[in-house]
Amino acid sequence: MTSSKDPVMTEQLPIIVAGAGPGGLSAALAIACKGFPVLLLERNRIPMEVGAGIQISPNATSSLKEWGVWPYISKLAVKPEKICINSGVTGARLSEVSTSDISKRFGAPYMVIHRADLQQALYHRASQSDLIEMLDEREVREVTETGNGVEVRCKLANGDHAFYRGAALIAADGVWSRIRTDYFGNSPAAYSGKTAWRATLPIQMVPKSIDSENVGLWLSPKAHLVHYPIVSGHMMNIVAIVDEDWSEEGWNGKGDGVWLSKRFSRWPREVRELLAEREDWLKWALCGQDPTQPWVKGKVALLGDAAHAMLPFMAQGAVMSIEDAAILARAIDEIDGPIEQSLQAYEQARKKRVCQVVNRARHNGRIYHMRGPLALARNLTMQMLPASQFVRQFDWIYSWKPEQVTFTV
Ligand SMILES: Cc1cc2nc3c(=O)[nH]c(=O)nc-3n(C[C@H](O)[C@H](O)[C@H](O)COP(=O)(O)OP(=O)(O)OC[C@H]3O[C@@H](n4cnc5c(N)ncnc54)[C@H](O)[C@@H]3O)c2cc1C
């Protein structure tokens, strides 16, 4: 294929990616795998050690395999057998979803991993590519369209500024994206009224009453709790999500373990024992964005949380950013026209699906935190419905594959 975007012809103008989170690193890898040069700019030092555990479902694992990330991930990721859903009020088992069945049916694993391990794996794979240049401590402050591309102004750690030219800018600068608000004029992320409290625990400290090999999900009015093994099964990731009036920006706010234990003091004994093991918690405010606003303006596109940050009730935020990356790279490679057209094709191919996932996550949030008769009805339904049938409602999410997508632009 020869076009104005032929990799050979654009040798001097890379695609610039802002942000080295799961979305930005995936975009860099996916674009480089198609033969295009990439310049990745990150405001912090990379690789970074932020975040908590994340679940990665089959709709993302196939892309990670294709990009050659799998060997780096497979040692650290854990493939749990099942997700055990419990009442956070009575402790009763509500359902047991087989994740190995999901993996079998969709031909790619369902796994849990520390976000930092995922990022490290993407970073190491990207470091091996001659087509990817990664520069850290460069905060993208301004973007200007030029005749044949974009010019990006970055603030460096020492306060100086540096300028970079590229064929296009992919803004993967996360939920608090400045490019989203300043360049697109889209609305900023809105606080959901919920905070996520996170801690990790060496696996030998996990109380015997807790199943440390599988995913545990506990549902209760105005709060829920998730735990699962990470780091080859050596650590347990614990995330408690509560309704709370606190909305600071960032991934590393300090949480008071005494406050959290008090908040969960009426929960089943197993949960109280688990929470009591840790006093130092990190917390962050859960924010969402309106995913229907524009993702593409000329030669600039939003990707991942910058485009569509969602609440974590479907465990699909990072997964959607990986899907975005796969489709963006295909659009850049396959659309025979100017780069603007490829970016538009990417937005059109992704938006409907992402909006459906965002809505489903919101819906799950309401189900998870139900109270009174509604919670009783939910519990009864979960207990009556065979788990294999229960999980089939998510087939449309997990069965997705990048090659199924067709472009309409
Ligand atoms: C409690 C919780 C649980 C979650 N669980 C899951 C899960 O199980 N599964 C799942 O798939 N997802 C999960 N998510 C969501 C997931 O963490 C996010 O969707 C994912 O991190 C988004 O990746 P991203 O690369 O788009 O953004 P980010 O991870 O936020 O990365 C953005 C990057 O851009 C950098 N940056 C910001 N501004 C600039 C700038 N101006 N210039 C240069 N660099 C910049 C930042 O430093 C950062 O490195 C969860 C989220 C939360 C809060």
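Predicted model: local features only at pLDDT ≥ 70, side-chain atom pairs only at ≥ 80, totals over all residues.
Residues are numbered from 1 along each chain as its sequence is written.

**Overall picture**

The protein chain holds 14 helices and 19 strands; helices (H or I, at least four residues) and strands (E, at least two) are DSSP runs, numbered from the N terminus. Its radius of gyration is 21 Å, close to the 22 Å that the globule rule gives for 409 residues, so the chain is as compact as a globular protein of that length. (That radius is taken over C-alpha atoms, and the rule is 2.2 Å times the number of residues to the power 0.38.) Along the principal axes, the C-alpha trace spans about 65 × 45 × 35 Å.

As for burial, 48% of the 409 residues count as buried. Here, a residue is buried if 20 or more other C-beta atoms lie within 10 Å of its own, exposed if 12 or fewer, and partly exposed in between, with C-beta atoms placed from the backbone.

Two residues show opposite ends of that scale. Gly53 sits in strand β3 and counts as buried because it has 27 C-beta neighbours inside 10 Å. In sequence Gly53 and Leu118 are 65 residues apart, yet their C-alpha atoms are 9.4 Å apart in space. Lys75, in the loop between α3 (70-74) and β4 (82-87), counts as exposed because it has 10 C-beta neighbours inside 10 Å. The C-alpha atoms of Lys75 and Gln55, 20 residues apart along the chain, are separated by 15 Å.

**Strand pairings**

Strands of a sheet pair through backbone hydrogen bonds, either parallel or antiparallel. Two strands pair in this report if DSSP finds at least two bridges between them. Here are some of the pairs:

| Strand pair | Sense | Bridges |
|---|---|---|
| β1 (residues 15-18) and β11 | parallel | four bridges |
| β11 and β19 (residues 300-302) | parallel | three bridges |
| β9 (residues 149-156) and β10 | antiparallel | six bridges |
| β12 (residues 190-202) and β17 (residues 280-288) | antiparallel | six bridges |
| β16 (residues 253-256) and β17 | antiparallel | four bridges |

Let's take β11 (residues 168-171) up close. In a regular strand the side chains alternate between the two faces of the sheet. Both faces of β11 are covered: Ala168 and Ile170 on one side, Leu169 and Ala171 on the other, are all buried. Leu169 is the bridge partner of Ile16, and Ala171 stands opposite Leu302 in β19.

**Helix α1**

At 1.5 Å a residue, the twelve residues of α1 should span 16 Å, and the end C-alpha atoms are 16 Å apart, which agrees; the expected span is 1.5 Å times one less than the number of residues. Eleven of the twelve are buried, so α1 is largely enclosed by the rest of the structure. Among the buried ones are Pro22, Leu25, Leu29 and Ile31. Just after α1, Gly35 takes a positive phi of about 100 degrees.

**Around the ligand**

Which residues come nearest the ligand? Of the 37 residues around it, those are Gly19, Gly21, Gly174, Gly304 and Gly317. A residue is near a molecule or strand if its C-beta atom, placed from the backbone, lies within 6 Å of it.

Helix α1 (22-33) turns up again here: α1, β3 (53-56), β8, β17, α9 (305-308) and α10 (317-334) each supply at least two residues of the shell. The largest share, four residues, comes from α10.

By class, the shell has 18 nonpolar, twelve polar and seven charged residues. Ala, Val, Leu, Ile, Met, Phe, Trp, Tyr, Cys and Pro count as nonpolar, Asp, Glu, Lys and Arg as charged, and the others, Gly among them, as polar.
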